[in-house]
Amino acid sequence: MTLTYPLAHALGAVMLLCAFAMLSQRRLAALISLYQIEAITLTAAAFWQGFAQHEINLYLTGLITLIIKAVLAPIALRRIVHHFNLIRAVETAMPVGLSMILGVALIGIAVLVVLPITVNAVTLTREDLAISLSIVLLGLLVMTTRRNALSQVIGFLSTENGLVLAAIGMPGMPFVAELSVALLVLVAFLVVGVFVFRIREHFDTLDLKGIEAIERRGR
Amino acid sequence: MSAATLAIAIPLLAAPVIALIGAPLTGARANLCVTVLVFLITLAVFASPGAGLIHADSLGVIFGILTGFIALTTAVQNIAFVRAEQSHGSARRWRVYHAMCQIMLGTTLMGLYADNIGLLWVAVEGATIAATLGVSLPRTATALEAAWKYFVLGGVGIALALFGTMLTYLAAQPALGPGLTAMSLSALAANAGHLDGALMTLAFVFLLFGYGTKAALVPLHGWLPDAYAEGPAPLTTTLSGPMLNVALIAILRFRHLMQANFAAGGAALQPGPFLLTLGLASLLLTGLSLARRRDARRFFGFSSIEHSGLAVFAFGIGGATAIFAGLLHMILHTLIKSALFQALIRGAALRGGGAPGNYGFSHLRGMLATNKYLGWALGACVFALVGLPPSGLFVTEFLIVSQTIQRAPLLSLPLGLGLLLCAVAIIRNIGPLVFDPPPAGTVAIPAGRGVGLVVLHLAAVLLLAFAMPPALVLALSGIAAGLQ
């Protein structure tokens with residue numbers, strides 16, 4: 001029995017656990033730490049897949065992930081948190097218990113949808129796909145259950161991690177996709193960084209409740 | 001290097017150069033020069049469509065020329081816009097603005113010419129980032145809110161589309177082998193029957209919601225009215241119109257994969273019901289919400305949602321005729337809508353600047369008193385949008401309705417209701433906008449030569465709808481038959 005499957009699945013499971021734990025976290029610092037652990041695990045998964053598939057491109061993906069997502073992004077996020085003094089607990093739009101129940105339901109849906117229709121695909125891809133779809137959906141759930149701009153960004157980044165996990169698990173996927181994912185994260189992060197600062201200039205708080213001002217105005 | 005590659009590369013490479021130009025007016029002129037060049041190259045793509053990753057098929061060529069044309073007229077009108085607005089906003093914002101115009105153009109063309117689902121996705125992603133930056137440029141609180149909303153919704157859409165793209169690859173990989181072939185749109189279409197149908201269905205759901213966000217179909221449309229209303233008008237309204245087409249064409253191509261797989265006895269579900277539901281939802285929701293809009297840019301933004309929905313509805317009906325009608329509808333709508341926004345931008349500029357508040361219907365009413373040419377042109381554009389004859393949209397809407405009666409008779413009722421609601425809501429605004437007594441203190445001002453371009457758009461619409469060159473009819477019906 002080779003180590004390929006168990007290790008790839010174990011790494012995916014750690015990422016899923018991080019994504020799930022994000023749902024229950026009220027503090028930004030903890031959210032960022034969870035995101036960082038998720039990104040480091042993703043790096044390990046990319047290296048492992050590169051080793052298993054003998055793909056040099058996957059090592060490159062892993063390296064990009066390590067530098068940008070596991071090191072630079074958390075540093076920038078932490079700086080934002082300190083700069084705006086956001087260390088206190090943040091408001092959620094939904095009770096934590098309810099969002100965790102929804103999270104479990106989403107994971108169930110992802111597994112039930114993916115496993116039956118991928119019977120013909122390579123086994124490794126199958127479970128990886130189910131795990132990464134779960135991470136994508138959980139990230140989206142984090143985005144919807146938070147009112148705070150920064151935690152929405154973290155939810156989005158977690159979604160990105162899920163996407164990269166799916167991409168590295170695809171057998172022989174051309175490099176175009178991996179490059180573009182890395183690009184997206186980089187650029188998206190820049191955009192988000194700009195936004196977060198600019199929103200701060202105008203609203204004094206990172207709470208997005210103010211976005212409803214658009215609704216109230218006459219349109 | 002093929003013309004298609006050049007048409008994509010030139011605007012993308014020109015963007016950083018234009019960003020270096022400090023004076024807003026010089027920037028606008030440089031923007032125009034590059035756009036003229038790109039327009040000429042889009043015409044040449046006919047002769048040299050490229051090969052491999054960037055390979056323009058006839059659908060891409062036709063919409064590429066349309067995109068080049070819209071970009072050209074927008075760039076001409078943009079000079080007047082910059083002249084009127086340059087006192088607002090720092091030089092740095094104008095630099096970013098012109099760079100984003102070029103990136104928008106380049107990525108739109110990339111989305112049209114790409115023969116690779118990964119590249120298509122990159123194009124849509126790049127356009128979203130450019131548009132988000134563009135919307136945020138006025139730096140008002142509402143513009144930032146709109147940009148944030150756009151970014152969150154667009155980002156989620158992009159994420160879903162990427163997941164769908166990877167699933168498509170996975171569905172194609174057993175039949176086409178690993179590597180680039182399994183991501184090529186033409187290879188996928190040629191081998192649609194051999195794809196893994198069940199996986200393709202899952203992929204299609206993700207792709208539909210992903211690209212549907214960019215096409216502003218109803219449950220995912222929230223960003224569009226805000227983005228249209230808050231950003232710098234030429235970038236976020238006229239220039240982003242062709243981007244809706246990219247998303248719609250992507251949906252059409254993936255729909256074809258599903259349909260062909262279904263027809264060949266594969267496990268894919270029929271894509272029709274998905275598209276029909278989203279299309280009808282878009283149509284009915286805009287029909288209900290148009291009447292309540294007070295801001296012209298939001299109003300016509302909602303009307304774009306209506307027409308996106310109508311095109312998707314036509315694709316959902318299926319069959320060569322309906323798809324022909326849907327494609328022609330997209331072409332005509334893009335022409336009319338960009339003409340309309342160009343007239344609106346000019347009108348708002350004549351009425352004292354293009355700040356968001358100046359686009360209220362109450363502020364723009366009685367345009368005839370400001371300038372009779374502009375007033376009539378604006379009225380003609382709004383009327384053309386309704387879809388009554390002699391507007392070109394009448395032809396396509398007639399085709400879509402008659403095809404619906406033939407193929408899905410029950411759906412013709414909600415379709416008719418939606419069309420009627422939208423038409424009534426739009427017609428109600430023509431009278432006040434053109435003929436009402438203007439706000440106090442309005443004086444007649446010459447409108448400049450820009451009105452001629454608006455008329456040129458409308459003339460093109462009439463020509464395409466009622467006297468389309470036979471070669472184009474042949475090309476479009478060939479495309480429609482190939483994608484049915």
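Student: What covers the buried residues of α20(B)?

Tutor: The cover includes α3 (58-85), α14 (320-350), α17 (372-386) and α18 (392-407) of chain B. Buried means that 20 or more other C-beta atoms lie within 10 Å of the residue's own, against 12 or fewer for exposed and anything in between for partly exposed, with C-beta atoms placed from the backbone. This is a predicted model, in which local features need pLDDT of at least 70 and side-chain atom pairs count only at pLDDT 80 or more, while totals for chains, interfaces and linings use all residues. Residues are numbered from 1 along each chain as its sequence is written, and chains are lettered from A and ligands numbered from 1 in the order in which they are written.

Student: Which residues of α20(B) are buried?

Tutor: An α-helix has 3.6 residues a turn, so residues three or four places apart point the same way. In α20(B), the buried residues are Gly450(B), Val451(B), Leu453(B), Val454(B), His457(B), Leu458(B), Val461(B), Leu464(B) and Ala465(B).

Student: How many residues has helix α20 of chain B, and what span does it reach?

Tutor: Helices (H or I, at least four residues) and strands (E, at least two) are DSSP runs, numbered from the N terminus. Helix α20, residues 450-466 of chain B, has 17 residues and reaches 25 Å from its first C-alpha to its last. That is close to the 24 Å expected at 1.5 Å a residue, the expected span being 1.5 Å times one less than the number of residues.

Student: What does the domain assignment of chain B give?

Tutor: Domain bounds come from an automatic or database domain assignment. Here they are domain 1 (1-115), domain 2 (141-270) and domain 3 (276-484). Taken over C-alpha atoms, the centres of domain 2 and domain 3 of chain B are separated by 24 Å.

Student: How many residues of domain 2 of chain B are in contact with domain 3 of chain B?

Tutor: Contact means C-beta atoms, placed from the backbone, within 7 Å. By that rule, 27 residues of domain 2 of chain B touch 27 residues of domain 3 of chain B. On the domain 2 side, α11(B) gives the most, with 10 residues.

Student: Is Ile154(A) buried or exposed?

Tutor: Ile154(A) is buried, because 26 other C-beta atoms lie within 10 Å. Ile154(A) is in helix α6 (residues 149-169) of chain A. Leaving aside neighbours within four places in sequence, Ile154(A) is in contact with Leu31(A), Ile32(A) and Tyr35(A).

Student: How many helices and strands has chain A?

Tutor: Chain A has eight helices and zero strands. Of its 219 residues, 44% count as buried.

Definitions and conventions:
Two residues are in contact if their C-beta atoms, placed from the backbone, lie within 7 Å.
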